[in-house]
Structure formats: C-alpha cells, structure tokens
Amino acid sequence: MHSNSFVVPKFSANDKINIGLIGARNKGFNILSHLMKTGQVNCLGICDVDQNVLQKRLGDIKSQFGQTPKGYGDFRKLLENKEIDAVIIGTPDHWHCLIMVYACQAGKDVYVEKPLANSIAECNVMVDAANKYNRVVQVGQQQRSGEVWNSAMQHIHSGGIGEIKRVNVWANFQYGMGAGKVPNQAVPNGLDFDFWQGPAEKRAYNPNQVHGNWRHFWNYGGGLMTDWGVHLLDMALWAKNISHEPTTVLASGANYNRDAYSRETYEVMDVSYPMDDYMIHWSHTAGIQTGPYDKAYGVEFIGDNGIILADRSDWSIRQGDKGESEKATKIAKESFDVEGKSDMEIHVLDFLKCIRNRSVTKCPVEMGRNVALYAHMGNIAVRSGARLLDWNADSRRFDKNKAANQFIIPKYHGPWELPKI
Ligand SMILES: NC(=O)c1ccc[n+]([C@@H]2O[C@H](COP(=O)([O-])OP(=O)(O)OC[C@H]3O[C@@H](n4cnc5c(N)ncnc54)[C@H](O)[C@@H]3O)[C@@H](O)[C@H]2O)c1
C-alpha cells in the first residue's frame with residue numbers, strides 16, 4: 001500500500017468503482033450524487049463527524065439510489081475498507097490535506113474539493129503525496145471541464161481577441177459577509193466538534209463558524225478570496241496557459257462592517273498579479289450580489305483586439321472599431337449558448353475515466369496547488385501587512401518578508417501533525 005511502484009490499471013470499462021465520501025453535508029454529497037447518476041459507481045461508505053448529517057445522507061443515498069453504504073464518524077476507519085477504490089473529500093478546507101494524504105497512503109484515488117488546502121505548505125505536501133503514491137486526483141475546480149469555459153479558451157487561444165494583456169476577475173457575494181453574530185453555544189448533540197476542528201486551534205462552539213460558515217474564518221478557510229478565487233483566477237491562468245507560481249502579488253483588503261457579522265476574512269479586496277506580459281486583477285466585495293456587467297461574478301479577458309466576458313452560463317465578445325474613435329462605443333457582440341452536460345457531470349466522468357486508465361485528470365493536484373497559491377498569497381499580502389510580496393518559487397518563501405513567511409506553514413494542533421511525505 002505504501003509503495004510508489006507503478007500502479008497497474010485494475011478496472012475494465014464495465015467494472016463499478018467503489019466510492020467513499022468524507023464530509024457529506026453539502027458539496028461532498030453533491031459530488032457523490034453526480035457520481036451515482038453515472039451508473040458507474042457503488043457507494044460503500046459515508047463519513048461525517050456530525051451524526052445528524054451522516055444519518056441524513058445515509059437516508060438520502062438509500063432513498064435516491066437504493067444503496068446502503070456503511071456510516072463512519074472517523075475517516076481513518078473508512079479508509080481501512082480495502083474495497084473502497086476512491087474517496088471524495090467534501091470537508092471544510094482545513095481538513096483537505098490530512099485526509100488526502102491518509103487516503104493516498106491507503107491507496108485510494110481522490111476527488112478533493114477546492115481550494116486544494118487552507119495553506120501553501122499543505123498544498124505542497126498534497127502534491128508530493130499524490131505523486132509518491134501514484135494516485136489519480138481530481139480537484140473540484142469543475143470549470144476546467146465546463147463547455148462554456150472550454151469554448152471561451154479555444155477562442156482565446158486561437159487568437160480571437162488578439163494577445164491578452166489583462167484580465168479582470170470579480171466576485172461580489174452576499175454570503176461573504178458571514179452570518180449575523182450570535183453568542184457561543186453548547187455543542188449540538190451528534191456533532192463531534194473536537195474532530196470537526198481537527199488540526200485547527202480549539203475554540204468554543206459557535207454555529208457561525210461551523211457548517212457552511214467556516215469559510216469566513218482563517219483557521220478553516222480564506223473567505224471569498226479562496227472560495228471563488230480558485231475557480232476564477234484559474235480561468236485567468238488558463239487563458240495564457242500559465243503553470244508557473246505567482247511571482248509578485250500586490251493586495252489591499254479591509255473589513256468595514258464587522259460588528260454585526262461573524263467574520264475574519266476580508267469584506268473588500270483588490271489583488272493584482274503583475275507579470276512580464278500580463279496582468280491579472282482580482283476584486284471582491286461581500287454583502288452585495290451584483291457587479292460589472294450586472295454580474296455578481298465574472299471574468300473579463302482583455303486582448304488587444306477585443307474583450308471576452310465569461311461566466312458559468314455563457315461568454316460574449318466585445319470589439320470596438322479601432323479606426324474611428326467616435327464609433328468606439330459601438331460594440332460588436334455575439335453570445336454563446338451551450339446545451340449539454342453540466343461542468344460537474346463532465347468533471348466526475350473525467351475522474352472515473354482517469355481512475356480506469358490511470359491518466360491525468362482535467363484538474364490534477366498540481367493545477368489545484370498552483371491556483372491555490374495565487375489565492376492564498378492575496379490573503380497573505382494583506383494579513384501580513386506587507387501588501388507587496390515577491391514569491392521565490394525555488395525556496396518556496398517570500399523574499400525579504402518574515403511576517404508573510406509565517407503564514408506559509410499552518411500551526412497544527414495535537415494529536416494531528418502536518419504530514420511529511
Ligand atoms: N466546487 C464547488 O463548486 C464547491 C461548492 C461548494 C463547496 N465547495 C468546497 O467543498 C468543501 C465543503 O464545503 P461545504 O459547503 O460542503 O461545507 P459544509 O460545512 O456544508 O460541509 C462540510 C461537512 O464536512 C463535515 N466534516 C468536517 N470535518 C470532517 C472530518 N474530519 N471528517 C468527516 N467529515 C467532516 C462537516 O460535519 C460537514 O458535514 C469546501 O472545501 C468547499 O470549498 C466547492
């Protein structure tokens with residue numbers, strides 16, 4: 001099991017793949033449902049540290065798909081089941097690394113949700129684990145499989161708007177504010193809150209920091225910057241086929257309305273990633289649900305021959321008339337419509353195909369790591385007070401910035417330790 005020998009494909013096209021789900025409340029169960037609908041999998045186990053969630057999801061899988069997987073409260077027990085070929089990791093971000101490393105060591109292939117992890121060091125470890133144990137990994141950046149994004153990229157890569165020099169990415173979401181403040185409470189029956197916190201520092205229970213709401217607390221997530229950042233910045237990287245790590249990051253961020261809300265992550269943020277021939281700009285505002293072009297989120301690719309505006313439902317082109325300045329406001333516009341499989345349907349099918357033939361997924365762990373670095377560095381630039389950071393990809397540290405370097409490796413709390421590969 002703990003060997004790095006070449007893995008011989010063990011599935012034929014008709015064999016069912018046995019799946020285990022770890023973290024079942026929301027996205028994890030959504031992925032499992034998509035996998036079940038393919039007819040290519042059996043679900044053998046579901047694990048959640050909240051018994052209420054676990055029982056509900058065991059019931060759902062029975063009523064929706066007629067299967068009776070075993071329930072677990074400890075993912076290590078689920079991983080001991082040798083019949084399970086692959087696991088879905090649908091826990092909050094602070095758990096992704098430990099669970100994925102244990103899963104790789106147990107010989108499972110992994111569908112891990114985005115962002116790959118909650119820190120740079122964890123992302124590094126996860127790449128090493130996947131490679132050492134020869135696992136197939138799909139990161140939950142399903143836009144990589146989406147027909148709209150693939151078609152937009154084809155147009156961009158074929159020179160449809162000329163050379164791209166800039167991309168503006170934004171995400172303005174109401175939920176980024178966090179939940180309205182409530183006092184700490186007793187831990188609800190059925191939730192193993194100690195286990196839920198895992199490697200993070202122990203805190204008193206507050207519902208505003210747990211299910212779903214964990215996103216707004218540094219111990220567990222990175223706010224809109226990482227939650228949406230990895231999906232959308234990934235499109236900015238894809239447009240230029242960038243696989244290198246960030247070089248320079250320039251960021252500012254603030255919290256104006258915190259008294260009424262439970263949140264540590266930033267309400268407003270602007271981050272620039274200047275490169276030799278390209279500039280990526282990220283912006284988010286929590287507490288609203290609209291933005292440029294009347295879109296709550298979007299990506300605006302700016303080439304020297306026009307603009308492509310894209311979101312998950314379509315993309316369009318805007319081209320001005322270069323020759324006549326008074327006509328510059330006349331915009332040539334065409335829309336693109338797709339009818340077909342959703343991003344998620346294609347992404348899970350790709351995962352199954354890659355498990356069968358041991359090939360590289362649409363979003364392998366290296367890709368998940370790289371964009372996670374871009375997103376985390378936006379947060380680190382603000383949290384450290386540095387604002388401007390230079391990343392050294394060789395040393396994997398920020399040049400000349402002690403405060404920022406302190407955010408690279410998370411502090412794990414016992415009994416959990418950051419895995420060494
Ligand atoms: N790709 C996407 O579009 C997308 C959408 C939503 C969420 N996500 C990602 O999915 C992940 C989960 O998000 P969510 O919204 O489902 O969160 P959630 O809080 O709704 O659910 C997480 C579940 O994990 C459980 N859990 C926590 N620690 C566990 C552990 N050690 N073992 C087993 N179960 C554990 C919790 O009890 C909870 O039921 C996050 O990484 C998030 O960023 C991705």
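K400 lies in the loop between strand 18 (397-398) and helix 12, where helices are DSSP runs of H or I with at least four residues and strands are E runs of at least two, numbered from the N terminus. Its phi is near 55 degrees, a positive value in a residue other than glycine. R358 also has a phi near 55 degrees, again positive in a residue that isn't glycine. You'll find R358 in the loop between helix 10 (343-357) and helix 11.

A word on what you're looking at: this is a predicted model, with local features needing pLDDT of at least 70 and side-chain atom pairs counting only at pLDDT 80 or more, while totals for chains, interfaces and linings use all residues. Residues are numbered from 1 along each chain as its sequence is written, and side-chain values use heavy atoms, with hydrogens and water left out.

Staying with the backbone, there are cis peptide bonds to look at. The bond from K114 to P115 is cis, with omega near -15 degrees, and P115 lies in the loop between strand 5 (109-112) and helix 5. The bond from G414 to P415 is cis too, with omega near 5 degrees; P415 turns up in the segment after helix 12 (402-405).

K114 brings us to the ligand. Of the 28 residues around the ligand, K114 is one of those that come nearest, along with R25, N26, D48 and D93. By class, that shell splits into nine nonpolar, ten polar and nine charged residues. Here Ala, Val, Leu, Ile, Met, Phe, Trp, Tyr, Cys and Pro count as nonpolar, Asp, Glu, Lys and Arg as charged, and the others, Gly among them, as polar.

Which atoms of the ligand pair up with D93, and at what distance? An oxygen atom of the ligand is 2.6 Å from an N or O atom in the D93 side chain. R215 has a side-chain N or O atom 2.9 Å from a ligand oxygen, and T91 uses a backbone N or O atom, 3.4 Å from an oxygen atom of the ligand. Taken alone, the ligand exposes 860 Å², and the protein buries 96% of that (Shrake-Rupley areas with a 1.4 Å probe).

Where does the ligand sit? It sits in the largest pocket, meaning that more than half of its atoms lie within 2 Å of the pocket's grid points. A pocket here is an open set of points on a 1 Å grid over the protein atoms alone, where a 1.4 Å probe fits, with protein on both sides within 12 Å along at least five of seven lines; lining residues have an atom within 4 Å of a point. The largest pocket holds about 680 Å³ of space. It is lined by 33 residues, with K27, G90, T91, W214 and R215 closest to its centre. Helix 1 (27-37), helix 4 (96-105) and helix 7 (193-197) each supply at least two lining residues. The lining has 13 nonpolar, eleven polar and nine charged residues.

Finally, the second largest pocket has a volume of about 580 Å³. Its lining runs to 25 residues, and W218, N219, R383, P410 and K411 are the closest to its centre. Helix 5 (120-132) and helix 11 (365-383) each give two or more residues to that lining, and helix 11 gives the most, with four. Sorted by class, the lining of the second largest pocket has nine nonpolar, ten polar and six charged residues.

Note on methods. Near = heavy atom within 4 Å. Polar contact = N/O pair within 3.5 Å; in protein donor to acceptor, adjacent residues only side chain to side chain. Points joined across faces, edges and corners; volume = space filled by probe spheres on them.
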